[in-house]
Amino acid sequence: MSGDLLQELDALEREAERELATAQTRAETEAWYSRYLGRKGALTQALRNLGSLPPDLRPQVGRRANRLKQRLEQALKERQEAIRQAEIQDRLAAEKVDVTLPGRRPSVGRLHPTTRTLREIYRIFGQMGFQIYDAPEVETDEYNFTLLNIPEGHPARDMWDTFYTTTPGVILRTHTSPGQIHAMREYAPEPIRVILPGKCYRHEDVTARAEMMFYQVEGLAVGRKITFADLKGVLVNFVDQMFGQGRRLRFRKSYFPFTEPSVEVDVDCVLCAGQGCRVCKYTGWLEILGAGMVNPVVLRNGGYDPARFSGFAFGMGPERIAMLRYGVDDIRYFYTNDVRFLEQIG
Ligand code: PHE
């Protein structure tokens, strides 16, 4: 009888250990626990029979049964720990981070091509003794036109499609030239050498070549005995530095009410080396600025006596210059705020 029970316990031990070894999850070990060690488990059932043993055998079988219970409990703990470790290993493998992958670089901003071009323009004219003069973007009709020798009703006003405000006589400047008057009125009768950079506004049909808002850099020199040769020297030096030595320059006669004589200045197209392309409209030349000798009327409006003073002025478009430097063939890229544009023209 006791031998039977001991054998039964031996068999139970082997079976329990074999089964435990196949448990793969915590839930399976819990099911195993109730099968063997739970209230209705096999070991518990076996121990119920202890009472039917002769009293002298009970301690021996009882000890054996208790040891078995302890051993199975210990085995359960070990199995559960092994499963836990295996689960951790699985998760580590599944969530493995490949530290050799290249990181995601934060996109770093950089200066806008207009800003870079403006700074280069400031540097070059700075070397030639030009100071930067700030003039307003919101102007009066008087400064934008009348004082620049474009009286009301003058057909030259049609050269610029002006944005008017609801305040009579107040407009957005169509060019930086009104800054000439501001500078002259501030400095007369001292000699002047300034550049006036800033935004201008024209109601244009927006195309690859024209935007409604764009920059200009005006230049103005007023003094005694300033001649067209000075203007030419300054512009040749500027183009040499901006585009590199050896570019060809073309001075074309032109008309502006505030300069006399007036010219427009072209450089040979950087994009096609003068061969002719879409950007230069197959002419091989690109216009970069308008210029001329300051009209005596304008000198007088600025407070200078044209009998004793003369001067030159020019107005250039930095976006146009940036397009040439960076090979951009559409001005609309500049102000559509697509960061890929900035990333491309590094
Ligand atoms: N203000 C002229 C324009 O916007 C350019 C210019 C400036 C021409 C100075 C001559 C002198 O077209």
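A: What follows is a walk through this model, which is a predicted one.

Q: How is the protein divided into domains?

A: The protein is divided into domain 1, covering 2-94, and domain 2, covering 113-345. The C-alpha centres of domain 1 and domain 2 lie 95 Å apart.

Q: And what is the strand order in the open sheet?

A: The open sheet has seven strands in the order β1-β4-β5-β9-β8-β7-β6, and its pairing is mixed. Its edge strands are β1 (131-132) and β6, each of which pairs on one side only. Helix α7 (residues 178-187) packs on this sheet, where it touches β4 (192-201), β5 (213-223), β8 and β9 (310-316), and the direction of α7 makes about 145 degrees with that of β4.

Q: Which way do β6 and β7 pair, parallel or antiparallel?

A: Strand β6 (residues 249-256) and strand β7 (residues 259-268) pair in the antiparallel sense, over seven bridges. The two strands form a hairpin with two residues between them, and within the pairing F251 stands opposite V265 of β7.

Q: What about β7 and β8, how many bridges there?

A: There are eight bridges between β7 and strand β8 (residues 285-294), and the pairing is antiparallel. In this pair S262 faces G292 of β8.

Q: While we are on backbone geometry, what is phi at A273 and K281?
A: Phi of A273 is near 55 degrees, a positive value in a residue other than glycine, and K281, which is not a glycine either, has a positive phi of about 55 degrees. A273 sits in the loop between β7 and β8, and K281 is likewise placed in the loop between β7 and β8.

Q: Are those two buried or exposed?
A: A273 is exposed, because its relative accessible area is 53%, and K281 counts as exposed because its relative accessibility is 54%; the cut-off for exposed is over 50%.

Q: Switching to cysteines, how many disulfides are there?

A: The count comes to zero disulfides.

Q: What does H112 touch?

A: Not counting residues up to four places away in sequence, H112 touches F334, Y335 and L342. The side chain of H112 also reaches the backbone nitrogen of T114, at 3.0 Å.

Q: And E120, which helix holds it, and what is it in contact with?
A: E120 is found in helix α5, and it counts as buried because its relative accessibility is 18%. Leaving aside neighbours within four places in sequence, E120 is in contact with Q241, M242 and R325. The C-alpha atoms of E120 and T174 are separated by 23 Å, the two residues being 54 residues apart along the chain.

Q: Last topic: which residues of α10 are buried, and what do they pack against?
A: In helix α10 (residues 318-326), P318, E319, I321, A322, M323 and L324 are buried. The buried residues of α10 pack against α5, α8 (228-243) and the strands β5, β7, β8 and β9.

Q: What follows α10?

A: α10 is followed by G327, whose phi is positive, near 65 degrees.

Notes:
Residues numbered from 1 in each chain as written. Predicted model: local features only at pLDDT ≥ 70, side-chain atom pairs only at ≥ 80, totals over all residues. Heavy atoms only, no water. Polar contact = N/O pair within 3.5 Å; in protein donor to acceptor, adjacent residues only side chain to side chain. Contact = heavy atoms within 4.5 Å. Pairing = 2+ DSSP bridges. Helix = DSSP H or I, 4+ residues; strand = E, 2+ residues; numbered from the N terminus. Disulfide = S-S within 2.5 Å. Domains from an automatic or database assignment. Axes fitted to C-alpha atoms, helices over the stretch in contact; angles between N-to-C directions. Buried < 20%, exposed > 50% of the residue type's maximum accessible area, 1.4 Å probe, protein only.
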